[in-house]
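User: I've got a model open and want to walk through one of its strands with you. Can we go question by question?

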Amino acid sequence: MGNEKLKIGIVLGSTRQGRVSPQVGQWVKQIADQRGDAEYEIVDIAEFKLPFLGEGTGQEPALASWNEKIGSLDGFVFIVAEYNHSITGALKNALDSARDAWNNKAAGIVSYGSTGGARAAEHLRGILGELLIADVRVHPTLSLFTDFENYSTFKPSELHLTNVNAMLDQVVAWSGALKTLR
Ligand SMILES: Cc1cc2nc3c(=O)[nH]c(=O)nc-3n(C[C@H](O)[C@H](O)[C@H](O)COP(=O)(O)O)c2cc1C
């Protein structure tokens, strides 16, 4: 393995108009960038305009760009909004829209919702196993009631900082280890 820094994508898991996920993703990125241990970038599913899986030809440039982006990364932090006790349809479609590009990589989860997005995060863990993505244990959970003002302006409690760094420690360690398999 060379001395290149690991590349970690911070994947915004919601695409709806008015979503809060960019605020959460930027917060994670700002913490991550201070560490200097990897190259962190925001990966916004909305920008890729992915077709709904199976409805097109499968040859859409958006699908190729998405696979190229995922393929270029060594690990992920999924920013997970809870919709009906699970992940968003947009995130599921984005996960389904690549396969080999996900394999043998690591991921952390940062979730939010009325119960910290815990139910969505646990659903996501099952999906990640099928994609051969190793999900780390530490999982920062943000409350819509106490970490947001009016459910829309992100004001995270200080206590989450330790957890985000602990999660990133694990993602970086496992991303490096799994790179040796690819
Ligand atoms: C279709 C839909 C279903 C939702 N279901 C849940 C839910 O089951 N549990 C929960 O805690 N929040 C639920 N919420 C609230 C979302 O967690 C909240 O709106 C959050 O801001 C969504 O993230 P986003 O703004 O990044 O899209 C739901 C929101 C939507 C739009």
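User: Which residue in β5 is the bridge partner of Lys105?

Analyst: Quick housekeeping: residues are numbered from 1 along each chain as its sequence is written. This is a predicted model, where local features need pLDDT of at least 70, side-chain atom pairs count only at pLDDT 80 or more, and totals for chains, interfaces and linings use all residues. Strands here are DSSP runs (E, at least two residues) and helices are too (H or I, at least four), numbered from the N terminus. β4 runs parallel to β5 (residues 133-135), with three bridges joining them, and strands pair if DSSP finds at least two bridges between them; the partner of Lys105 in β5 is Ile133.

User: Which helix does the chain pass through from β4 to β5, and what is the hand of that crossover?

Analyst: Right-handed means that, with the strands pointing away from the viewer, the path from the first strand over the helix to the second runs clockwise. Going from β4 to β5, the chain takes helix α5 (residues 118-130), and the crossover is right-handed.

User: What about the β3 side: how many bridges does β3 share with β4?

Analyst: Gly75 has Ala106 as its bridge partner in β4. The pairing of β3 (residues 75-81) with β4 is parallel, and the bridge count is seven.

User: Why is β4 described as largely enclosed by the rest of the structure?

Analyst: A residue counts as buried with 20 or more other C-beta atoms within 10 Å of its own, exposed with 12 or fewer, and partly exposed in between, with C-beta atoms placed from the backbone. Side chains in a regular strand alternate between the two faces of the sheet. In β4, Lys105, Ala107, Ile109, Ser111 and Gly113 point one way and Ala106, Gly108, Val110 and Tyr112 the other, and all are buried. The strand (residues 105-113) is largely enclosed because its buried count is nine of nine.

User: Gly113 is in that strand. Which residues does Gly113 touch, leaving out those up to four places away in sequence?

Analyst: Gly113 is buried, with 20 other C-beta atoms within 10 Å. With contact meaning C-beta atoms, placed from the backbone, within 7 Å, Gly113 touches Ala81, Glu82, Ala120 and Leu144.

User: And how many residues surround the ligand?

Analyst: Near means a C-beta atom, placed from the backbone, within 6 Å of the molecule. Gly113 is among the closest, alongside Ser14, Arg19, Ala81 and Ser114, and the number surrounding the ligand is 14.

Conventions:
Contact = placed C-beta atoms within 7 Å.
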